[in-house]
Amino acid sequence: MKKYYLLLLMATFLICTTLKAQDDEIEEATPLSISGSVDTYYKYDFSGNPNIPTSFASDQNSFSIGMVNLIASQQVGKASFVGDISFGPRGQSQSIPNSGADNNSFHIQNLYVAYQLSDMVTVSGGYMGTFVGYEVISPTGNFNYSTSYLFTSGPFQNAGLKFDFALSEKFGLMVGVFNDWNEYTDMTSSKDIGLQLSYSPSAGYDLYFNLITGEQSGTEFDITAGLQFTDNFYLGVNAATYGANEEPKLLNTAEDTGFYGLALYPQLKISDVTSLGLRFEHFVQRDAIDDISVDAFTFSANIGSGNLKFIPELRYDTASEDVFIDSHNEFTGGAFQLVAAAVYSF
Amino acid sequence: MTFTSVILLTFLTLLPADGSTTDTITYQKVVSCTGVEKYVLESSLKEAVYNLYDSNALKIVSDKIQISVDIKIINSLVGKVGSPAGVLDFTIDIEVKDEKFRYIAYDFYFTPMTRNRYAKFELEKEKTEPVIEEEFKGRKTLLKKITRQSEEYLDRLNNELKTQILKEKDKKIEW
């Protein structure tokens, strides 16, 4: 595989060296953009135990914080950058690695530069939010405040080099070579290969077919769709399967490790300031002896039309085995929780 | 006619000229160019818009120059720091007569922008909507930004066109 990575890097170098110097071109600069969000929440699991292992909103019976997210970006001519930093549990240990010299997070969610090689091709390099999956780390990008099992189990970031090809108005292709998932610094010699094919038949309809695979990382196939059927009704879809072999190989097909699942996100806008949404998820954790499955029902409202959004949420998870703890501290198959969150974006 | 007598006067303040609440906002300006004949003004304006815009954005229809414009609407923070709220598309028609020209900006459409999963701003194309005051009642701040930044853009365009016309005039005098 190494020779393919080298070929890709050499090709990138050759393309970049043929670019005209930026000074020669008439450039249109957009202002430096600063935006971001803050989020805070209260969660109560009716058993009195934290139970549902959601990525964020994890503190039981506590008024807790998510993160302060600050994003700087700019585009000058064909060149652009994004620097995205975050502080707080959601933006540090719950979503990015602790791999600094003193084992601290660098607070970096996204740090990359991009250059538009032509109308059809853009190259980006750095540390980037993953292209896999439906939900994202930023609370402004999700309808529900708690997260799905598919989100928690998949990659969060991919550091690497990627090429985006606008094949036509409807089709797009991304090809990239990346570190192992969620790593600022790759500690292994192998690299991951990432592919994304996107299809947008019309405005409001988007389909993504994603693949990330590596000898050390395993292989995940993922399908994501956003379907705006009417002005008021939207359906999101996410399906994924992941496996990892004991013996490292580029394409992993193990049937006794990893996970698979399906999540549906119907959402209904009932007024200019209120939308209601349900997330139904069926998730299976593969195991050599017996798989464990969970069905999760999350009902959320998004209230607010400006910068501030309030998200009340009820969630019930039921598992094929007794994996939760009830109010008597006995194992049980279900868990029921309430979350009230506020997200301010700017 | 001598070009030395050229005096550029702008009659107008930017006038939101939307006669009804069902149309998008509209602006109209009449710019007086005393002493400049229609054919000279027409050629100067064509020269000017070809200098200012990509040819794909321009259409010359009989006596009318039509420009398709898109500008980013910015949420300003401090100085030149801000974040894009979206893109505003509109059309400008320029019509020329002896000693004056008029431009009308109309068909304003706003497409909001949002950060994608890579924290990069992208257009939410399915949310494109005409800029009709009635429809923006609950978003007065956004409407104010749209109108203010449109007006600033048209002011800049007005100044650019004046400068270009004067340049053309000077060239001809030198010759």
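1. Does A:Phe87 count as buried, partly exposed or exposed, and at what relative accessibility? A:Phe87 counts as partly exposed, because its relative accessibility is 37% (buried is under 20% relative accessible area, exposed over 50%, partly exposed in between, with a 1.4 Å probe and protein chains only). This residue is placed in strand 3 of chain A (strands are DSSP runs of E, at least two residues, numbered from the N terminus).

2. The model is predicted: local features need pLDDT of at least 70, side-chain atom pairs count only at pLDDT 80 or more, and totals for chains, interfaces and linings use all residues. Residues are numbered from 1 along each chain as its sequence is written, chains are lettered from A and ligands numbered from 1 in the order written, and side-chain values use heavy atoms, leaving out hydrogens and water.

3. Over all chains, the structure holds 24 aromatic pairs (ring centres of Phe, Tyr and Trp, the last by its six-membered ring, within 6.5 Å; planes under 30 degrees apart are stacked, over 60 edge-to-face, the rest tilted). One of them is the tilted pair of A:Trp181 and A:Tyr242, at 5.3 Å centre to centre and 50 degrees between the planes. A:Trp181 lies in the loop between strand 7 (171–178) and strand 8 (192–202) of chain A and A:Tyr242 in strand 11 (residues 233–243) of chain A, so the pair ties together parts 61 residues apart in sequence.

4. A:Trp181 and A:Tyr242 are both buried.

How values were computed:
Helix = DSSP H or I, 4+ residues; strand = E, 2+ residues; numbered from the N terminus.
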